[in-house]
Amino acid sequence: MGSYTDVALIHEEVAVAPTFGSSLPVPNVQEIVKSDPLHVPERYLIKNQEDMPKGADHTCKLSSEIPTIDFSLLSRGHKEELTRLDLACKEWGFFQMVNHGVATEVLQGMKDAAAKFFELPVEEKNKVAMTSDDIQGYGHAYVVSEEQILDWSDLLFLIVYPSQYRKLKFWPTTPEEYKEAIEAYSIEVKRVGEELIRHISLIMGMEKDALLALHQELVQGVLVNYYPPCCMPDKVLGKSPHSDTSTITILMQEDNVTGLQIRKEGEWVPVKPIPNALVVNVGDVVEIWSNGKYKSIEHRAVTTERKARLSYATFLFPHDDVEVEPFDHMVESPGSLRMYKKVRYGDYLRQSLKRKMEGKAHTDAAKTAS
């Protein structure tokens, strides 16, 4: 029953779903650890001493200063909280968000189902493996050469909205509840994300719905990163330093393992999890629109020797055809220069996927010549 409809939907999906780039095939890190937990292959070892992490247990006084935003106050129109959002975006580009209204069981449902998926045999996970022409599915992204240092992680990436962009062949069918968990979680994060973008529109001096309208059609992708334990956590990175090509990114962390670090004042600052909070960061799109007032901040993930860690990132970004450039009112102050060129978002995104994650390299490429 319903098979004709399913076939029609699949045909429609193939007709409209874009591809976002490709990545070279590399070994499954989880399987490397299973086969020999006391060995790290050469391709994962960091050569530059300065890049070597101090580990997940590293502490930093700045960690306690990372801003916290109360989403419920924002939603009720509290001007003080809107000012706090402005400062958080301007001075940090990152903040922890509490009282966001996403039910604990929805957050936990996503975590439980993802953990079960990554515990499956590799043959089962490979049923939704990435193909050679796109990065949706299970595998690795940003692998562009045989020489680059690889990240100590495996991932599952899916486009969730608009729904016609979904490539259902990459959606896991095991565990059975995973699709439902992704759907429930993504609906809620979409609600929160759209509301946040409305408030970013306000702090940028525009009408509340102006930024959302400029997206043409908000695209939403979900990335689940799996970081296996590593016997040499000071010699590898779970995720290389980078900023996000999104408008904003909303991240759910594990409650009991610190792995995310952001670059601030020349230091790598651990973002210690607050139970049930969501971490939000400014993406490159907001940086360009704001002419650099709100910067997308470099961040990375480190590993731990003791246990695996998962993270759940949701990227909200514009439709391919949207042209992104600094708003006139953001460059009108005396002495201001237009710091970024006009870029077609689809081109910007795909150019970034063609290179290894290297800090702010793709954002710098969009800057005007000084």
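Me: In helix H10 (residues 345-353), the buried residues are Tyr345, Gly346, Tyr348, Leu349, Ser352 and Leu353. What puts them on the same side of H10?

Reply: They cover an arc of only 165° around the axis, so they sit on the same side of H10. The arc is taken from the directions from the helix axis to the C-beta atoms. Buried means under 20% relative accessible area, exposed means over 50%, and partly exposed is in between (1.4 Å probe, protein chains only). Helices (H or I, at least four residues) and strands (E, at least two) are DSSP runs, numbered from the N terminus.

Me: And what are we looking at?

Reply: It's a predicted model, where local features need pLDDT of at least 70 and side-chain atom pairs count only at pLDDT 80 or more, while totals for chains, interfaces and linings use all residues. Residues are numbered from 1 along each chain as its sequence is written, and side-chain values use heavy atoms, with hydrogens and water left out.

Me: How many aromatic pairs are there?

Reply: Nine, from a search of the whole structure. Rings of Phe, Tyr and Trp (its six-membered ring) pair if their centres lie within 6.5 Å; planes under 30 degrees apart count as stacked, over 60 as edge-to-face and the rest as tilted.

Me: Why is the pair of Phe117 and Tyr178 called tilted?

Reply: The centres are 5.7 Å apart and the planes stand at 40°, so the pair is tilted. Phe117 lies in helix H5 (residues 104-119) and Tyr178 in helix H7 (residues 178-203), so the pair ties together parts 61 residues apart in sequence.

Me: What makes Phe118 and Tyr226 stacked, then?

Reply: Their planes are at 15° and their centres 5.1 Å apart, so this pair is stacked. Phe118 has 0% relative accessibility, so it counts as buried; Tyr226, at 12%, is buried too.

Me: How do you know that Lys190 sits over the ring of Tyr161?

Reply: The charged end of Lys190 is 5.3 Å from the ring centre. The rule wants NZ of Lys or CZ of Arg within 6 Å of the ring centre and within 35 degrees of the ring normal.

Me: What makes Glu194 and Lys190 a salt bridge?

Reply: The N to O distance is 3.0 Å, and the rule asks for a side-chain nitrogen of Lys or Arg within 4 Å of a carboxyl oxygen of Asp or Glu. Lys190 has a relative accessible area of 23%, so it is partly exposed.
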